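Me: I am new to this structure and would like a short tour. Could we go through it together?
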Amino acid sequence: MSKPRITIAVDIGGTFTDLEFRDTDTGAAHSLKSPTTPDNPARGLTDAIALAGERFGFTTADIALILHGTTIATNAVLTRDLPAGALITTEGFEDVLEIGRHARSDIYALRGPDRSILVPRRHRFGAPGRIGASGEVVREIDVSALDAMIERVVASGAKATAICLLNAYANPTQEIAIRDRLLARCPEMAVSCSHEVSPEIREFERTATTVLNALLVPVIARYVSALRTRLMDAQITAPVYLIQSNGGAISLDAAVQAPVKLLLSGPSGGVLAAQKLANALDTLDVVGVDMGGTSYDVAVVAGGERTVVTQGEIDGLPVRVPMVEMNTIGAGGGSIAFVDPSGRLQVGPRSAGAVPGPVCYNRGGTEPTVTDVNLILGRLDPATFLGGRFALDLDGARAALRDRIEEPLSLTPDHAASGILAVVNAKLAASIKFSLFAKGLDPRDFALMSFGGAGGLHAIEVAEELGMTQVIFPRDPSTFSAHGILFSDIQHDLSRTEILPLAAESLPALNAMADDLRTRGSALLDQDKMPEDKRILTLTADLRYRGQAFELMTAVPDGALTAETLAVLRTRFEEQHRQRFSFDDPKEAVELVTLRLTAIGVLGEADLPPVPYVPSESASVTHRPVHVDGAWFDTPVHRQLSLAAGSIVTGPAIIEQEYTTLLIPGRWLLTMTATGDMTARKQP
Amino acid sequence: MMRPDPVLLEIVSAALVSVAEEMSVTVWRTSRSTTVRELLDYSTAVFDAKGRNVAQAARMPVHLNSMELCLHHIAAHHIPLDEWRDGEVIVTNDPYCGGQHLPDFIAFKPVFKDGQRIAITCVLIHHVDVGGGAAGGYNAKAVEVFQEGLRLPPVRIVRDGKMQEDLFATILQNVREPETFRGDFLSQIAALDVGARAMLRLADRYGVDALDEIGAALLDHAEHEMRNALEALPDGTYIAEDFVDGDGIEEGAKRISVALTIKGSDIALDFTGTAAQAKGPINATMATTTSAVYYAVIAACGVTATVNAGCYRPITVTAPEGSLVNANFPAPVSMRMLPGHKIATAVLRAFAQVLPDRIPASYYGTTFNHAVNIRRADGRRQVYFDSELGGWGAHPERDGPNGLAAGFHNGQNTPIEMIEALFPLRFTSYGLVPGSGGAGRMRGGLGIVREWEFLAESGLLNSAFDAFDSLPYGLDGGQPGRGGTLSVVRDGVTTALAAKTIGHALRPGDIVRMETPGGGGHGDPGLRDAAAVAEDKADGYV
């Protein structure tokens, strides 16, 4: 029997399960889409694998590795389909989860905002004990009081319990003691401790993250168990890893303990793919944008690396684990255009969603959307939209635009329609600018990479708005996430918080922290059975000027920390500070807040040769009237799969892909590359 | 109304707001003090060339709606606008030059293109200390503004792009935490620069004339929306009042009276009948009063367009000179938030008579500012400044949220772990106060308890609290929220302290406890849904 040679990436979305695989012997790669099976998504996964094996000639014994992006955790949070939970805190701090950080976003609202508090007050319990700010035990745990509290936890009916004690990031012993006692009494309970989930300072963010983790444990445990059963039935024995929010892979066992790390599993595949393609095209600074029906996700690849943040948010809930940096705004094909009470034209964030959808879907929508406007302006073709399966109501869209926008604002139809696109494109551009601005980066140094169903019609105009001169369209945007997942490596992120001056006196403590992190990181890679030559351990330090609230992640030079290392760190920190905030302060002391270790176990074989692209359709160009660059043109329409490598399309033009449409305005040239990806450049 | 292209209007409007947001992010991420970086006690805004506020970042209503008055005051009485030069930053903290109280430094930077002023950027920061009789700037015993700290008239702190180091050194010499002050101030200047550069990019892109025209149209649109909302209300005069507690020097609550008159699309607020100005520092200057009125009227009108100075046009404010809401120089004003909140709640209470379905009962209606002047055993000194808030008033349609920023201000709390890592305090409790929300068909939100043990060699506790006796009102038969408290436990003996406490000596082991007010209830408590009553009981909210 030959050595297993097939690496499979699977991305399970709401409608389709996307699969891409590579044969590491031949370098051949293929992708396919098959329906998602919502009742048991694992079935859709094994079905897709069986289908790929049949179609492309491999057996389950040939499979070496399966990498799996999942939205199970995300969907459970969005629908609040979470088990009953309890929270154990230090006595006197049971309400930290509810109090949060106070600030509100709508400052003129008189009606209280909707707040989502995942564990009600009656299920939050105070534990007798106290850790001080430097990790000292201020008060020992009173065991009889603890036992009484545990009885109340059990009586609450909780299936999952989060433990988050004050200052536990500095000393976890009391959290461990409580967990052990709770598990002894109640072995079935899913228990998460804050010192494991998010061992960093700031109690509310740590509590909220630990609660979310605890509530997701039963959800992911159930899924992993179903997945294992399904794989066994299908006789698939290859190791399976899930994709985390940081873009790295994690074993199933580890994922069950840390499900909060899976919340951006889906989108992080797209970011990995953007990173991969940026490197393949040797365009190292790229903004990846994913535009769908209701939202627009922006991620940044700078210097060939995806940017990562240490804290994010899902559906208004803070999540403090490392994740790919993704800014989302509510703008997409379904965004509604309307005239507000002050007489101003607005587009979104209200969306028509899938139901009723845009007016042109003829499912009851009455307000014009971005998709309607694209149809009115000829940018979408009713004949080929979604493969022509779906008749679009152009007259209905026109009437809605007339009644709701043209007449109230006294605009011509063309002005109203192109104005709505200009407003939405300005919003998309602003969200990109804001993503880059926060890092002190200039859009003009970046290329835009567009994927997602609705992005192709907007990408170049958004790039123009930002002064960007290059736009990249991946060969197959519809399975882009799965493609990215194929290149994921195992990644464990570990951290330790201790506020220390960045000075020689801190070196012993810093080295002790670094050694501890390396030991723990190595142990995790041991569990993954990673060979030594496939391991990469890197340290970063979260640094700030003394007293600042925010830290900058600064790469730490390899090896033991010395006075020279500290000098390098200070220089790097100050460069970053200057870049982001336009000033530095050499007189001020720098302090470390958190030391981080990223432990990577290399899974994939990144240096496989690129898959050559061959057009699969014969050349054919049609024409249709399209409103572009402010006027109507009889515009050439190309089929993507008919363009040979090296061919050049001059704008204005339309390129139709299987699931999307690209708009190339005048003064832009689109080139089909040897890999089937397309790059558009602005002519000087 | 001028009518520039509606598409360009939207694009530029969004761009202007994002300039203010970029400035806000710059302050947030670079400032030093916990006041700014955790409490978020700052605001940023953009003005057009004529000094009209065209865009705000969503931060503190109290700041945002006072900036334009301050700018006008400076231009009218100190430095005329046509004497503002490229490369300058003009700053003041003087309540009698258009400011509110001394810790708030308001800095303006004119933006020039080809020798022409095209915009002004503004950053207001609450600085951690300004010298004076009490750490943190809240000298409860002050009877003159001179005792409240350093007073800076409008001056050019930056000329030709260079910090005026001698002036800056003079300021730093007069504050208790010069390093922190310096860091926050540099962050303030950096944000002004970020905003100025962004405005220049907009001017390059759209042209100076177009920016000017669009700025004017944005103001017109905001005014139009306000007038539409006011027009829909029945004409008439609606009278309401609210109270602040005594000033800590003289006993007795002080009345704030307002007569709200709607006539067509105009609205007038007359504070005749309000108490005379106080001896102690609970006075407001017109900047505070107007700003509180603007906040309340904009909120009550439910404005959805971008808030800007156009919203102010239908509003007239009349306040008797020498009263609590229009104090004469040199009355002390450090606790101006206390009347400020109650001006807002009084105006909202008047609105409740015409908008009974929209106006909630009173929120906590105060700011629980407190500071400790700490001396450690090694002689090191530190100032711990913090702030707390309470529960929302119940809305006709829902309970008030517990412990959440409301009304006239907005801010974050400081993580307890961050406080303990930096200051010699150990918290014993941070939580909600059961029973503090006013009963009603809809319940008021709960107030907050903070309790900590003092660990250092010695310390002096200062507080600038209110609403101990003057409770957040209920509406339509709802009960008021419970008032605030402050106490110290020493050797097992609890001593209640005054809302305005100055220099209370702390020893190691002393436990300081403060409870903030809950919000008022709405509607008859007897009509509360039985399931909601049971939930409240199960959660220990009552």
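Predicted model: local features only at pLDDT ≥ 70, side-chain atom pairs only at ≥ 80, totals over all residues.

Me: Changing topic: what is the strand order in the open sheet of chain B?
Reply: The order of its four strands is 8-9-10-11, and the pairing is mixed.

Me: Which strands stand at the edges?
Reply: Strand 8 (236–244) and strand 11 (315–318) of chain B do. Each has a single partner strand, so one side of each lacks a neighbour in the sheet. On average, neighbouring strands of this sheet are turned by 20 degrees against each other, direction ignored.

Me: How many bridges join strand 8 to strand 9 of chain B?
Reply: Nine bridges join them, and strand 8 and strand 9 (residues 254–263) of chain B run antiparallel. To take one pair, B:A240 has B:V258 in strand 9 of chain B as its bridge partner.

Me: Which strands do helix 8 and helix 9 of chain B lie across?
Reply: Helix 8 of chain B lies across strand 10 (266–270) and strand 11 of chain B, at about 140 degrees to strand 11. Helix 9 (residues 337–352) of chain B lies across strand 8, strand 9 and strand 10 of chain B, and runs at about 145 degrees to strand 8.

Me: Now chain A. Which residues are buried in helix 16?
Reply: In helix 16 of chain A, the buried residues are A:L566, A:L569, A:F573, A:E574, A:H577 and A:F581. Seen down the axis of helix 16 of chain A, they fall within an arc of 130 degrees, so they line one face of the helix.

Me: Which residues are exposed on the other side?
Reply: A:E564, A:A567 and A:T571 are exposed there.

Me: What covers the buried residues of helix 16 of chain A?
Reply: The cover includes strand 26 (535–545), strand 27 (552–555) and strand 28 (590–601) of chain A, together with helix 1 and helix 6 of chain B.

Key:
Residues numbered from 1 in each chain as written. Chains lettered and ligands numbered in written order. Pairing = 2+ DSSP bridges. Helix = DSSP H or I, 4+ residues; strand = E, 2+ residues; numbered from the N terminus. Axes fitted to C-alpha atoms, helices over the stretch in contact; angles between N-to-C directions. Contact = placed C-beta atoms within 7 Å. Buried ≥ 20, exposed ≤ 12 C-beta atoms within 10 Å, placed from the backbone. Arc of directions from axis to C-beta.
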